[in-house]
Amino acid sequence: LQSNGCCIGPGFTEENREPEEETIIKIAGNSYLVSPNLPDFHSCSPGWSSAFYGAECFDSEVHSYMKTLGKQKSSESQNIDAKKVELEQLLMMETKNYRKTIKFYQKLLQKERRSKGPETKSMLPKLRGQLEEMKSKVQFLELVMKYIMYAEQWGVESCVLPTVIHNGRTDTMDVAPTDELSLLLYYNTEKHQCNNQNGVRVLQAGTPLGLMAYLYSRNAFLEGYVQQFLYTFRYFCTQEEFLQFLLDRISSTLSSASLDPSTSLTKICNRSFYILQAWIEDCYSVDFATNTDLLCTLKEFISTKVAPLNGYGERLLSLLEDASARKSGSAHQCSSMDKCEEEGEEDRKTLRSLCKKLSEDVSRKACLFFRLQYTEHNFNWKLSRGMGPIAQYQRERLRTISSVLPKPCYNSFTEEFPVSFGKADEVGPYLLIDYSAQQLCCQLTLLQQEVFHKCHPVHFLNSRALGVKDKCVAVQKAVSTEAVSLKVCNLFLSKCIQDQYLLQLLRNADSISTWVAAEIVTCHTSKLQVSLLSKFLLIAKCCYEQRNFATAMQILAGLENLIVRQLPAWKILPAKVAEIMEELKAVEVFLKSDSLCLMEGERFKTLPTIPSAHVLAMHVQQLETGGFTMTNGAHKWTKLRNIAKVVSQVHAFQENPYTYTPDFKVQSYLRQRITRFKDADISALAADNCANFHQIPAEKHSRKIQDTLRRMKATFQ
């Protein structure tokens with residue numbers, strides 16, 4: 001399971017080197033040095049590594065490097081501002097050199113492809129190694145910069161946290177005046193063994209207001225608490241309550257905050273800005289883009305209260321505009337597809353009724369066909385294979401299936417490289433046979449990556465409320481309890497708005513599974529069925545070897561369809577190919593065994609990965625089982641922290657994309673075939689194909705009838 005696999009040949013890998021370096025540029029381009037126009041505007045999002053590793057994110061190397069920064073020549077005293085200035089200069093210099101090396105590498109790569117010179121070919125591996133070293137150095141310096149910004153500069157000590165609560169008494173939370181210390185129950189923790197300094201205590205529980213106040217703690221960023229909070233706060237407060245909490249702290253400290261960074265009011269004010277910016281950067285798509293009232297409240301507050309007094313207001317407004325532009329740009333790519341789906345919704349509703357009618361019609365034809373076959377046998381009519389009424393029946397079958405299925409709609413991306421629907425229908429499954437399993441694996445992976453990169457870790461939370469269940473649950477039981485489960489299983493607060501992109505992700509997975517099953521059952525010969533079964537098994541094997549577990553599990557679900565598993569073609573499948581089915585089942589067991597199995601070791605940092613959305617959602621549901629609060633009403637932070645750690649792998653995998661070269665013709669064909677069969681009734685399609693049934697040889701069938709007649713005749717004598 002940990003093997004990288006060899007399904008991509010050496011020539012194919014070498015062909016994809018250039019897009020990989022373009023990805024490196026994009027990753028580097030997301031750093032705080034180039035994202036905003038303002039030179040001092042740093043990225044505040046701690047990132048997935050903070051939520052996953054927690055306190056281990058800032059290891060001993062970071063702490064030792066911090067001690068060497070900003071030391072004065074006259075004394076050994078350390079100054080935070082001096083550290084920050086020195087680190088900014090180092091980071092700017094290293095990033096500039098890194099970009100120059102990337103440009104030089106790209107020019108050298110283009111030159112090598114044109115001339116095929118031996119000198120340039122020998123230089124490329126060395127330069128690639130230098131790029132990896134420079135990239136690691138830049139990332140390390142960025143980590144140190146985050147440590148300075150979050151921990152050293154604006155964090156407050158635990159004794160100041162009651163002041164954080166006092167400064168926001170205008171919020172909507174119900175807080176008794178004499179019971180403020182009870183909000184800090186998260187301090188009553190047991191001692192744990194810690195790797196870092198001075199035996200830092202681990203947070204166990206807290207009330208909603210207490211958990212929000214802990215965001216201002218000096219150790220909040222060091223422990224990974226801020227990123228974990230941004231992933232999970234919806235379990236105990238709404239987006240409006242969290243925003244109001246931050247805005248109240250800004251309002252109460254903005255006017256009185258001095259330029260001295262050592263005062264508590266200044267630290268509270270600046271930490272509020274940093275948390276707000278981190279929230280926008282990391283969760284804009286799931287909180288602000290889906291809630292216009294929340295976004296309007298924030299923009300109005302920044303424009304009227306912050307911008308006139310503090311330059312940070314303009315930065316936040318600029319950040320909101322950039323995030324909105326990215327979101328609208330992403331939505332525009334899907335708009336034409338959504339429009340097509342709405343227009344075709346009516347056609348898809350009639351699919352099942354048409355398939356049912358087709359099934360009845362096919363049953364009558366099948367009975368007539370077998371009667372004719374039996375009569376032909378008795379009169380010794382010998383028809384050559386593939387000729388006569390059988391071939392004519394297959395031609396009628398193809399036309400019947402084509403008329404039943406809805407005509408697909410595809411997005412503008414597909415229209416740019418069109419393979420007309422008529423042509424795709426005419427080609428049928430034969431294009432799948434023509435292309436190798438490796439090529440189809442790469443293109444399916446790119447299509448899956450396009451869908452996966454639009455999801456967010458928050459999408460996998462509270463999935464029971466969306467109706468997501470384990471596929472093993474009986475349908476009757478799920479339907480009977482649906483009305484009750486939606487009320488009982490909603491773990492978010494009732495006023496909390498939840499984005500439902502996970503359902504779209506799961507529908508896409510079901511569409512691919514249905515497409516796999518439909519392609520197989522519509523094959524008109526057993527030989528073609530064996531070829532397609534082999535091809536899909538090999539594609540799934542390539543996918544999981546390349547760590548695209550999503551597509552591998554989708555193909556497995558299609559092959560495990562009840563109709564597909566009963567096909568006679570399985571009996572004549574080559575043994576080596578049939579063994580792949582057991583490998584896929586072992587991969588499925590592996591994925592279900594541990595929620596963090598794909599994050600083990602260091603391979604996920606260097607190799608692209610796409611997890612199975614349904615398996616990940618089930619792991620999160622398992623962590624969500626049980627109560628979230630203690631007997632005194634405090635929320636269990638250990639439970640929330642574990643949930644945040646599991647969902648953080650979504651962002652971890654999105655950081656390392658696949659760099660295969662897209663084949664737009666194949667992708668267009670695959671999109672059309674998947675859309676064509678996405679709502680198909682597999683049983684109805686299978687009923688129209690004689691290759692899907694176990695055929696009794698005519699002689700054996702005739703002998704059975706004669707034996708039966710002989711026995712009946714003997715009873716009358």
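Does Glu94 count as buried or exposed, and at what relative accessibility? At 12% relative accessibility, Glu94 counts as buried. The legends below describe this residue and other details of a predicted model.

Figure 1. The protein has 717 residues, and 49% of them count as buried. Its accessible surface comes to about 35,700 Å². Carbon and sulfur atoms account for 54% of that surface. Among the contacts with a separation of 6 or more, 80% are between residues 24 or more positions apart. Six cavities of 30 Å³ or more are counted in the model.

**Figure 2. Glu94 lies in helix α5, which covers residues 80–115.** Glu94 counts as buried because its relative accessibility is 12%, and the cut-off for a buried residue is under 20%. When neighbours within four places in sequence are left aside, Glu94 is in contact with Lys137, Val138 and Leu141.

**Figure 3. Helix α10 spans residues 239–254.** This helix has 16 residues and reaches 22 Å from its first C-alpha to its last. That span is close to the 22 Å expected at 1.5 Å a residue. The buried residues of α10 are Gln239, Phe242, Leu243, Phe245, Leu246, Leu247, Asp248, Arg249, Ile250, Thr253 and Leu254. The cover over these buried residues includes α7 (161–166), α8 (208–213) and α9 (225–232). It also includes α11 (264–288) and α12 (292–306).

Figure 4. Leu247 is a residue of helix α10. Leu247 is buried, with a relative accessible area of 4%. Which residues does Leu247 touch, not counting those up to four places away in sequence? They are Thr297, Leu298 and Phe301. A further pair to locate in this view is Leu247 and Val306, which are 59 residues apart in sequence. Ala205 belongs to strand β1, residues 205–206. Ala205 is buried, with a relative accessible area of 5%. How many residues apart in sequence are Ala205 and His635? The separation in sequence is 430 residues, while in space the two residues are 5.3 Å apart, C-alpha to C-alpha.

**Figure 5. Helix α27 spans residues 575–593.** The helix has 19 residues, and from its first C-alpha to its last it reaches 27 Å. This is close to the 27 Å expected at 1.5 Å a residue. Its buried residues are Val577, Ile580, Met581, Leu584, Val587, Phe590 and Leu591. The elements covering them include α24 (526–545), α25 (549–559), α26 (562–565) and α29.

**Figure 6. The second largest cavity holds about 90 Å³ of space.** Its lining consists of Leu591, Asp594, Ser595, Cys597, Leu598, Pro611, Ser612, Val615, Leu616, His619 and Gln649. Leu591, one of these lining residues, is also among the buried residues of α27. Which helix gives the most to the lining? Helix α29 (residues 613–624) does, with three residues. By class, the lining has six nonpolar, four polar and one charged residues.

**Figure 7. Arg547 and Asn462 each have a positive phi, although neither is a glycine.** Most residues other than glycine have a negative phi. For Arg547, phi is about 65 degrees. Arg547 is found in the loop between α24 and α25. With a relative accessible area of 4%, Arg547 is buried. For Asn462, phi is about 55 degrees. Asn462 has its place in the loop between α20 (437–452) and α21 (475–480). Asn462 counts as buried, at 0% relative accessibility.

**Figure 8. Ala684 is found in helix α33, which covers residues 682–687.** Ala684 is buried, with a relative accessible area of 3%. Along the sequence, Ala684 and Val521 are 163 residues apart. In space, the distance between them is 9.8 Å, C-alpha to C-alpha.

Methods. Residues numbered from 1 in each chain as written. Predicted model: local features only at pLDDT ≥ 70, side-chain atom pairs only at ≥ 80, totals over all residues. Heavy atoms only, no water. 1 Å grid on protein atoms, 1.4 Å probe; cavity = no way out; pocket = protein on both sides within 12 Å on 5 of 7 lines; lining within 4 Å. Points joined across faces, edges and corners; volume = space filled by probe spheres on them. Helix = DSSP H or I, 4+ residues; strand = E, 2+ residues; numbered from the N terminus. Nonpolar A, V, L, I, M, F, W, Y, C, P; charged D, E, K, R; others polar. Buried < 20%, exposed > 50% of the residue type's maximum accessible area, 1.4 Å probe, protein only. Contact = heavy atoms within 4.5 Å. Areas by Shrake-Rupley, 256 points an atom, 1.4 Å probe, with all protein chains shown as cover. Expected span 1.5 Å × (residues − 1).
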